[in-house]
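Please keep the model in view while going through them.

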Amino acid sequence: MAKFEISRRKFLTSASLGMSGIMLSGCDAFDSQLGVGDGLRSFLEGANGLTYRAQRWLAGHDALAQEFTEADIRQPQRPNGVTAPDDDTYKGLLANNFADWRLEVSGLVEKPLSLTREQLQNMPSRTQITRHDCVEGWSCIAKWTGTPLSLVLDQAMVKPQARYVMFHCLDTIDRSLAGDIKYYGTIDLIDARHPQTILAYGLNGKPLPVENGAPLRVRVERQLGYKMPKYLYKIELVDSFAAIGGGRGGYWEDNGYDWYAGI
Amino acid sequence: METVARSQPTVEADAAPKDATLIYRQSSWTRLTHWLWAISLFFMLLSGLQIFNARPQLYIGKESGFDYNNTVFAIGAENTATGTRGYTEIFGKRFDTTGVLGWSGPAGQETSRGFPSWATIPSYYDLGTARVVHFFFAWILSTTLLVWLVASLINGHLRRDLAPRIDDLKRLPRDIVDHAKLKFHHTREYNTLQKMAYGGVLFVLLPLMIITGLAMSPSMNSVLPFLNDLLAGRQTARTIHFAVMVLLVGFFIIHMLMILAAGPINELRSIITGWYRTDPPAHGDNTSERSA
């Protein structure tokens, strides 16, 4: 008798739990627990750290993203996010074809840099036909040409305490009470020094168009599109991003996306 | 029909502990992993539908066609003379799915969204959160599958209960007829269709789900570049991932119907406590050979 009563109680408990799960399925019940900073959300986000470590362990530092052939380029690269920055600074730079634009390299480096487009383009370049995977689910194959980020970092001589490369962009992605929010993002030094991580100024054999991030955008081929900022003007070496923006390492990260986007 | 009526246990019958037909059928490993899968799949489905909503189209190939058409499935909304309508397009054939797919919500507050709010986590549009939930449970699901595989190899569940035998093939036609007539035999062993369904989920659908999931990861793509080629491209992998989801939902529906038809108390008890009531020893009826 006792045995049955326990099993009946268990049955009723699990049945009612199961039923309420089904009834609530749209799960307004979970909505309130899943905001950025909520306990449950932070716990679930722990899985991203696990994914990061597992994929770093499997892929190592230098495993290359798949590259494709010219025949795989069947359409222009689909632009996404901001495609025509409305910022005065950007429009001013665009007006004289980025002659006054500079790439600043600063932060935890021995030798801060300020590079013109010509200086960047005179450095050794890499051209790769890769697939751009957007977090939304779509993919697009295109040919990218640019300066390997590792060469720029070597020139600036990164200090040993630096842990992340932060990209600062010219485009306003959002507005808040505190003012305009410019796009920004961070990657670790492993991806920053990855052979396919380039500062791209060419797309499909032509100069990078405005909609795709002119004059310079990042390609981080082992991660999703939101980790590849456009309209770049400053690279900053940092040991932490906790004090910047929302403290999660990027504009989209501050809005709930995982910092590591290798999946 | 007579068999069904007789075999459905009543609460009174269950209360008799001395009943010789009560057997310990499911090990604690089987029960624990079963419920971990149930919970994981529930969250993965609802967060997965939310992720799909970010791009409610499926393609065949390495990339998504924007300047050409390689779309095989799409959910969307369009303006018509009678107002906004939701549609679902499968291989170019369009169906009106207003209220559920494409255009849904409370009356007067409908919005354009792939799957409706009641089918997604969170209920509002939030791709980032859905990904957090999805990948958390992806780890739980995969780990559980691995634990189950190892435990089932060691405790004999795999060899004893799931491995198909020659007999299973012989029984198949009869099994199909019995299921169609909703005539269930309560034995320790799984019947042929059960073996096929459980084996299919555990050895085909769930591994395929994990493989196509990994094929969508740009980082895994650098580790296993052949995986995408094998699956005919990342976008094909995404389409397969979705199709397998549909099959898993189909399995779930049939699984629930079969449990209801075969006696839900007895079936639920066996997957919660492990104890299962088998049919009483037969008196010359057709259950004897099956229970032997």
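1. What percentage of the contacts in chain B with a separation of 6 or more is accounted for by residues 24 or more positions apart? In this predicted model, the share is 61%. Chain B has 292 residues, of which 32% count as buried. Its secondary structure consists of twelve helices and eight strands.

2. The contact between the chains deserves attention next. Chain A contributes 53 residues to this contact and chain B contributes 47. On the side of chain B that touches chain A, at least two residues come from each of the helices H3 (28-53), H4, H8 (218-223), H9 (225-230), H10 (234-262) and H11 (264-272) of chain B. H4(B) provides the largest share, with nine residues. Sorted by class, this side of chain B comprises 24 nonpolar, 13 polar and ten charged residues.

3. Helix H4 of chain B spans residues 127-155. It contains 29 residues, and the distance from its first C-alpha to its last is 41 Å, close to the 42 Å expected at 1.5 Å a residue. Just after H4(B) comes B:Gly156, with a positive phi of about 90°.

4. Two packed helices are described by the angle between their axes and the distance between the axes. For helix H3 (residues 39-59) of chain A and H4 of chain B, the axes come within 8 Å and cross at roughly 65°. This crossing of H3(A) and H4(B) is left-handed. From H3(A), the residues making the contact are A:Arg41, A:Leu44, A:Glu45, A:Ala47, A:Asn48, A:Leu50 and A:Thr51. From H4(B), they are B:Val132, B:Val133, B:Phe135, B:Phe136 and B:Trp139. Taken by class, the contact of H3(A) with H4(B) has eight nonpolar, two polar and two charged residues.

5. Helix H6 of chain B, residues 166-180, may be considered separately. Is H6(B) largely in the open or buried? The number of buried residues among its 15 is zero, so H6(B) lies largely in the open. A residue counts as buried here if 20 or more other C-beta atoms lie within 10 Å of its own.

6. From first C-alpha to last, H6(B) reaches 22 Å, close to the 21 Å expected at 1.5 Å a residue. Where does H6(B) have a kink? The kink, of about 50°, lies at B:Leu172, shortly before the proline B:Pro173. H6(B) is followed by B:Leu182, which has a positive phi near 55°.

Technical notes. Residues are numbered from 1 along each chain as its sequence is written. Chains are lettered from A and ligands numbered from 1 in the order in which they are written. This is a predicted model: local features need pLDDT of at least 70, side-chain atom pairs count only at pLDDT 80 or more; totals for chains, interfaces and linings use all residues. Helices (H or I, at least four residues) and strands (E, at least two) are DSSP runs, numbered from the N terminus. The expected span of a helix is 1.5 Å times one less than its number of residues. The bend at a residue is the angle between axes fitted to the seven residues ending there and the seven starting there. A residue is buried if 20 or more other C-beta atoms lie within 10 Å of its own, exposed if 12 or fewer, and partly exposed in between; C-beta atoms are placed from the backbone. Two residues are in contact if their C-beta atoms, placed from the backbone, lie within 7 Å. Axes are lines fitted to C-alpha atoms, for helices over the stretch in contact, and angles run from 0 to 180 degrees between N-to-C directions. A crossing is left-handed if the near helix is turned anticlockwise from the far one by less than a right angle, and right-handed if clockwise. Ala, Val, Leu, Ile, Met, Phe, Trp, Tyr, Cys and Pro count as nonpolar, Asp, Glu, Lys and Arg as charged, and the others, Gly among them, as polar.
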